[in-house]
Amino acid sequence: MSPRAVITGIGAVAPGGVGREAYWDLLAGGRTATRDISLFDAGTFRSRIAAECDFDPVAAGLSAQEIRRMDRAAQFAVVAAREAIEDSGIDTTAGDPGRTGVSIGSAVGCTTGLEDEYVVLSDSGRNWLVDHSYGVPHLYGYMVPSTLAAEVAWQANAQGPVALISTGCTSGLDAVAHGVQLIEEGACDLVIAGATDAPLSPITAACFDAIKATTPNHDDDAAGASRPFDGRRDGFVLGEGAAVMVIEEAGAARRRGAQIYAEVAGFASRSNAYHMTGLKADGREMAEAIGVALDRARLDARDIGYINAHGSGTKQNDRHETAAFKRSLGQHAYDIPVSSIKSMIGHSLGAIGSLEVAACALALRHQVVPPTANLSVPDPQCDLDYVPVTAREHRMDHVLSVGSGFGGFQSAMILSRPGAGSGREAA
Amino acid sequence: MSALGIPEGRRRPSVVTGLGVIAPTAIGARRHFEAVLAGKSGLARITRFDPTSYPVKVAGEVPGFEADQHIPDILVSRTDRFTHLALAAAEMALADAQADPATLPEYEMAVVTASSSGGTEFGQREMEQLYQRGPAWVGAFQSIAWFYAATTGQVSIRHGMRGPCGVICAEQAGGLDALGQSRRLLDTGSRLVLSGGTDASLCPYGLTAQLPTGHLSTEDDPTRAYLPFDEAARGYVPGEGGAILVVESEDGARERGVGHYGRILGYAAGFDPAPGSRRPPVLAAVIRRALADAGLSADAVDVVFADAAALPDADRAEATALNEVFGAGRVPVTAPKTLTGRLYAGGAALDVATALLSLAADVIPHTAGPVEAGHLGIDLVVERPRHTPLRTAVVLARGHGGFTSALVLGAGDRTDHLT
């Protein structure tokens with residue numbers, strides 16, 4: 001029997017509050033953290049709303065040198081990793097550091113730092129031959145996204161396998177899955193896994209403006225701008241943040257008396273090989289990923305108590321995803337509560353997958369389904385139970401989290417409540 | 001079965017059945033290997049932009065690569081050069097493996113590439129538009145060209161590969177990690193994986209971003225610029241290109257009736273202690289773990305393709321690890337990357353291609369350049385290729401910040417490329 005992976009610690013830096021507790025309070029309270037962009041002047045942009053983190057690196061405990069060295073995405077990751085390690089109670093200086101791994105996801109890496117420095121070196125884009133004499137000491141650390149995993153590895157005293165996973169908007173789910181892989185294959189006893197992105201900068205906002213993926217300005221209603229599954233939805237709201245988790249082999253976690261939030265029971269990913277940004281309406285490849293994840297978990301549709309949807313709030317995504325749930329879960333899809341927390345914290349690209357896994361683990365702990373905020377106008381093509389507006393107390397043993405990203409990537413992960421008697425245990 | 005679908009028992013053997021090489025030495029695996037054995041360098045003064053104002057003027061550029069001769073125009077305009085190179089290399093690899101994706105099960109084919117820095121040149125052009133003209137001038141394809149997943153996504157779409165795709169970023173070590181991940185996928189339901197990596201950040205911002213590391217060689221003479229393990233070593237030369245490989249389960253290759261260049265026998269990865277730590281680098285431990293994974297002892301290794309950073313401390317650390325694991329001066333060591341420069345995500349993938357070709361030809365390519373490594377106590381193959389029977393090679397890669405990976409390769413049964 002291969003080792004099993006459990007989540008024993010959670011750290012989060014999310015819009016609406018820094019820290020796991022603040023994050024869960026926001027989700028359970030159904031509050032939204034989307035607002036007019038303050039991090040840069042978005043006056044000339046098509047979309048001017050985002051879900052920003054009120055993040056003070058000094059208050060978050062970073063030193064002067066760490067703040068100078070790390071771009072915002074790295075700062076998020078390190079702060080979330082510290083919280084996760086503390087939450088788990090594990091001593092990362094004990095044991096063999098070669099058995100500690102790191103798996104961090106990010107879609108766009110240190111893009112904020114890279115862009116800020118570009119502006120200086122090119123004199124606001126005037127010079128193609130940028131002036132190297134203005135380069136800051138850690139500039140190469142911004143150019144290579146692997147820096148994000150390296151920073152977390154230093155925090156965690158990790159000398160085992162360390163990876164930065166960058167599969168666009170499924171990076172966060174895929175990074176947690178990669179961490180689970182390292183436990184299951186026996187390479188690690190402990191993995192620090194999660195994802196971070198801080199894409200709120202002009203170039204990223206302009207990217208999504210150009211393809212009309214983000215919502216155009218909602219007059220005076222920034223708080224209600226992210227509307228997954230709603231008939232009025234017209235694009236996603238960009239977000240930022242990080243979630244990092246401590247993943248351990250189940251037996252070792254139990255032996256040290258660790259709290260266990262959840263076991264990762266199943267995972268699979270597929271690609272649509274269709275279009276870099278477009279989705280077919282039938283949800284075929286996402287359905288395939290969900291089906292394989294269920295098989296690996298030895299569960300079936302009726303065992304799933306909650307679906308944490310990708311639910312980005314674009315016209316095509318929410319339709320695609322609804323079709324995928326019906327295709328993979330059949331009639332049960334209508335009975336399972338589904339929600340999109342992007343309605344509250346926006347879409348933080350690669351980070352969101354890990355924030356969603358963390359939300360699922362917390363939902364299992366509290367036996368509460370976070371809602372889909374801002375959902376009031378039904379869309380006939382989205383006809384499942386999306387838990388509108390208000391969180392719901394709900395008994396659940398197994399939950400499904402899915403992601404869908406640019407490049408055509410589709411990922412599905414199943415988490416089980418500890419002691420829930422997963423299909424794998426029975427088998 | 002595990003949550004990730006890992007079966008009980010032994011791994012399924014993984015073999016490499018196709019090579020697609022696009023490197024400063026040449027376009028095409030066979031021509032690349034000829035250039036390597038001839039010691040023909042791809043290093044020269046940078047031509048992609050005027051390097052006069054920069055302290056680094058030498059790089060490894062891919063000669064004569066015209067993207068539109070290899071891939072459809074629509075993809076040329078929508079993707080960065082690092083993706084152009086990968087799309088072209090992927091086609092070459094599939095053709096070399098005689099693999100037609102249309103005839104294989106869609107969910108059992110996957111793409112896993114390494115990227116070190118994404119579409120840097122494309123990104124610089126779009127940021128220039130943004131800051132000179134405004135957000136409305138940023139093109140629609142920036143969102144899909146700049147990010148690190150651009151190559152995997154485009155290759156998956158182009159060849160209808162709908163399996164579990166991936167992207168790993170670990171700077172220079174990423175190419176080995178992508179191959180390690182491919183092997184995992186072959187254990188969990190995939191039968192063919194396109195893997196490897198490319199990079200192409202030879203634009204002004206891409207070069208400038210590397211300067212603060214102090215790791216790039218400022219020597220203007222291409223023949224003296226990249227001298228790993230030499231007492232005159234003072235940094236490496238940046239390059240572009242890489243390799244894409246077709247990796248298959250041995251059963252899958254046999255079923256298709258194709259030979260292979262070699263087996264991936266073992267893999268391991270680790271990460272160095274934080275800067276300032278007194279603990280040693282992890283390289284020796286990682287090599288040992290890779291050998292254990294392969295079920296081989298150090299004595300079984302016939303050649304090591306080194307990381308060869310050409311930084312005095314890094315070279316010494318690498319030589320120390322080699323001597324510790326294999327015995328002082330016991331194993332021949334080489335670094336053909338002196339002909340290409342460091343290719344980041346493409347570098348280790350290219351080293352794997354070169355190592356497989358070496359195993360098949362029973363010849364160790366030399367480390368070109370006036371390199372003298374006697375003071376480090378390693379048996380560096382210099383001056384000319386060394387003909388000797390080869391069964392097993394180890395490829396090493398170390399990425400910026402501490403990423404460390406090792407791959408163990410065994411000789412294959414394919415010889416048609418040697419004629």
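How many bridges join strand β6 of chain A to β5(B), and in which direction do the two strands run? In this predicted model, 2 bridges link β6 (residues 162-165) of chain A with β5(B), and the strands run antiparallel. Within this pairing, Ile165(A) has Ile168(B) of β5(B) as its bridge partner.

Chain A is divided into domain 1, covering residues 5-255, and domain 2, covering residues 266-417. A distance of 21 Å separates the C-alpha centres of these two domains of chain A. Their contact draws 60 residues from domain 1 of chain A and 56 residues from domain 2 of chain A. The side of domain 1 of chain A that touches domain 2 receives at least two residues from each of several elements, including α1 (20-29), α7 (171-184) and β7 (190-197) of chain A. The largest share of that side, 8 residues, comes from α7(A). Its composition by class is 32 nonpolar, 20 polar and 8 charged residues.

Chain B is likewise assigned a domain 1 (14-256) and a domain 2 (265-418). In chain B, the C-alpha centres of the two domains lie 20 Å apart. Here 59 residues of domain 1 of chain B are in contact with 54 residues of domain 2 of chain B. Among the elements that each supply at least two residues to the domain 1 side of this contact are β1 (14-22), α1 (29-38), α7 (174-187) and β6 (192-199) of chain B. Helix α7(B) provides the largest share of this side, 7 residues. By class, the domain 1 side in chain B holds 28 nonpolar, 22 polar and 9 charged residues.

Helix packing was then considered within each chain. Two packed helices are described by the angle between their axes and the distance between the axes. In chain B, the axes of α1(B) and α12 (residues 345-361) come within 10 Å and cross at roughly 80 degrees. This angle makes α1(B) roughly perpendicular to α12(B), because angles of 65 to 115 degrees count as roughly perpendicular. Ala29(B), Phe33(B) and Val36(B) of α1(B) meet Ala353(B), Thr354(B) and Leu357(B) of α12(B). The residues of this contact divide into 5 nonpolar, 1 polar and no charged.

Helix α10(A) takes part through Arg284(A), Met286(A), Ala287(A), Ile290(A) and Gly291(A), while α11(A) contributes Glu321(A), Ala324(A), Arg327(A) and Ser328(A). By class, the contact of α10(A) with α11(A) has 4 nonpolar, 2 polar and 3 charged residues.

Methods:
Residues numbered from 1 in each chain as written. Chains lettered and ligands numbered in written order. Predicted model: local features only at pLDDT ≥ 70, side-chain atom pairs only at ≥ 80, totals over all residues. Domains from an automatic or database assignment. Contact = placed C-beta atoms within 7 Å. Helix = DSSP H or I, 4+ residues; strand = E, 2+ residues; numbered from the N terminus. Nonpolar A, V, L, I, M, F, W, Y, C, P; charged D, E, K, R; others polar. Pairing = 2+ DSSP bridges. Axes fitted to C-alpha atoms, helices over the stretch in contact; angles between N-to-C directions. Parallel < 35°, antiparallel > 145°, perpendicular 65-115°, else oblique.
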